[in-house]
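Open the model in your viewer and keep the selection tool at hand. This tour goes stop by stop.

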Amino acid sequence: WLKPFWLKNPVDGDVIPVGRMESAAAEHTGRQSPRAGTGGPPELAEWLALLGLSSWRCEVAKWCDEQGASFLEEVAEHVEDLAQALDLSPAEASRARAGARGALMATMGDACGKGGSTSGPGRATPLCSLRTLSTAVKSTAAPAGAGTGDFEARGCGKGISRVLSISATMNTAVQKLKKNTKSAERVDSLSSDPAPGRETTEVEDGAACMPRACTVEINGPRTAGIMAHMAINGATLQIAPVARADVHKGPLDQGDASGMTPMSREARRSLLPRVDTMGVMSLSGNNRERLVSRVHEEGVHEVSIDSGQTGHVYALEVGNEKIAVFKPVEGEKFTRKSLDPGQGSVREEAVYLVDRIAGSQAGVPVTSRASIQVDGEELIGSVQAFVDNAIGFIEDFAMPRDAASAEDFVTQEAAEALALLDMRVFNMDRHSGNLLLLRREKPHGLGPIDHGCCLPRWWALSEAVFDAWSSWPQLQCPPREATRSLARRAYEVLPETCGMMRDVGLDGAAIVTLRLCTLLVFVGVAELGLPCGKLAALILRDEDAGFQDLSWLEQKVLAASVSAGAECRMQVNDRGDQELAVEDDGKSLRVDSFLENLEAVFRAELEEAVRNVQNSTVDWRD
């Protein structure tokens, strides 16, 4: 919490200065994985104690396992279902319902969402959550004693799911479309700026100034319940289009950071452009530009940085404060092997869950699928919590070249947590324009955003992009012990993580990618202690070869897949690039045998492969 707030104890009515719990809560929530061997979320015992329900610990843990409740926010969101399932006494049930939210905030602190009210004991400002604005809350919690089979068969995961419907006001004109250039590509009809190549009618007089009533539906299968507990300070939700360059600007985004002056707009414009996850052009270095130039980018058009790196985005505001950013799938114009435009929102949610279940060490903001309905139109996309302590994008600041100064700027542990996440999800778009720098004080934190280009199918591993961090000095050193523990934890919770990936709708071939990349990180970092930057080089294609040859990882995947029965081969495409191709969408692959083959190869060959990796002579800002 940036500022303390005051909360009434749900058990005895005393007022507790929750701000004093900040350090302990952050320490508690940041280094444990959900359901770490005891049943239920790791914070469950503390939450129950605040509610005076410690005697129900075993029963609640069993309910969590039956329902698939991995996160404490899910338990608090379904406290009514929990009370009924356990047949709590009237007094216990009343205490649970009244205190669930307060106990959640006291237990998890800022990990539960944005900072809460700054009211003290002498002020009456209530602490609210986004759920309080919802006009309808749909639940798919399994009935008590019903088991989970029926729910899984209906695609509801193991039972826990929420859909929030929130009335809002949209401060933009609604365009009437006269022509749509592609039937499969629905127009961002809620945008005040039509996309190039499309014709629209004139907006009716006064429409541009007239707020429109709309409904926001937050419907991520595993994350809507988490987002429901985001702290807010107000009673009305407003939506407005915003330039992507400004969307993460907040009170801290002024002046320099720890004496580091951001590059000027003119200096950034002098750099080469890049194509980002939503298909528009912005800034980057030559590494990524040379790679992306080899990818078919039909329909991509150049716009200024102020038009947004992820197409049109919308700020969700309550009480004149940004709480989240909505990104419509209609803005996705990227082309990546095995990634279809329109699937970015699924992957945004999936990457948040990958990070969260391993302890949220990389700091991905809570992300959920969502939609906006206005005047009969529906805009589908994802909503991501606003990062309110960002001071800019990492591209705006200069990372020191020597390891000691770089460590002072961003700690090795923080950099490694980001690198581990990007490698595990095979990020194909980690450039310096989708990585936020946090806090004025050194060492700065990192805020990774925009994960629509992750988790391709296992045979499409040619387009990894780690430009934002791959040559950072602190990543060329042996990993810290905390990083090795994180890699180990990510591997231990992999079965549960894969279950969540199925819940959110990620296809099986992409889940295999998560499994093989997590295995690579586990063996390389947790077991062998290899530097993250060196390990990443084995995933990336060789720039000196024009990105045409298979990477080290692709070569091993090809050999292991053939040995495991896959009809997989290497071919050369019409641009002269080597690539893997499969005949039956990979259905012939014996997945367990494939991963066993890779595990043996990783243990036998990784150290030698890393020794052969040359030190990069390309500065990450070039």
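Rings of Phe, Tyr and Trp (its six-membered ring) pair if their centres lie within 6.5 Å; planes under 30 degrees apart count as stacked, over 60 as edge-to-face and the rest as tilted. The model is predicted, so to speak of local features takes pLDDT of at least 70 and side-chain atom pairs count only at pLDDT 80 or more, while totals for chains, interfaces and linings use all residues. Residues are numbered from 1 along each chain as its sequence is written, and side-chain values use heavy atoms, leaving out hydrogens and water.

**Stop one: the rings.** Select Trp458, Trp459 and Phe594; ring pairs link them into a cluster. Now keep Trp458 and Trp459. Their pair is edge-to-face, with 5.3 Å centre to centre and 90 degrees between the planes. Both Trp458 and Trp459 are buried (under 20% relative accessible area; exposed is over 50%, partly exposed in between, with a 1.4 Å probe and protein chains only).

**Stop two: H15.** Select residues 481-492, helix H15 (helices are DSSP runs of H or I, at least four residues, numbered from the N terminus). Which residues of H15 are buried? They are Thr483, Leu486, Ala487, Arg489 and Ala490. Look down the axis: the buried residues fall within an arc of 160 degrees, so they line one face of H15 (the arc is that of the directions from the helix axis to the C-beta atoms). Turn to the face away from the buried side to find the exposed Glu481 and Glu492.

**Stop three: H17.** Select 508-527, one of the helices that the buried residues of H15 pack against (contact means heavy atoms within 4.5 Å). In H17, 17 of the 20 residues are buried. Finish at Gly529, which follows H17 and has a positive phi, near 65 degrees.

Technical notes:
Helix = DSSP H or I, 4+ residues; strand = E, 2+ residues; numbered from the N terminus. Expected span 1.5 Å × (residues − 1).
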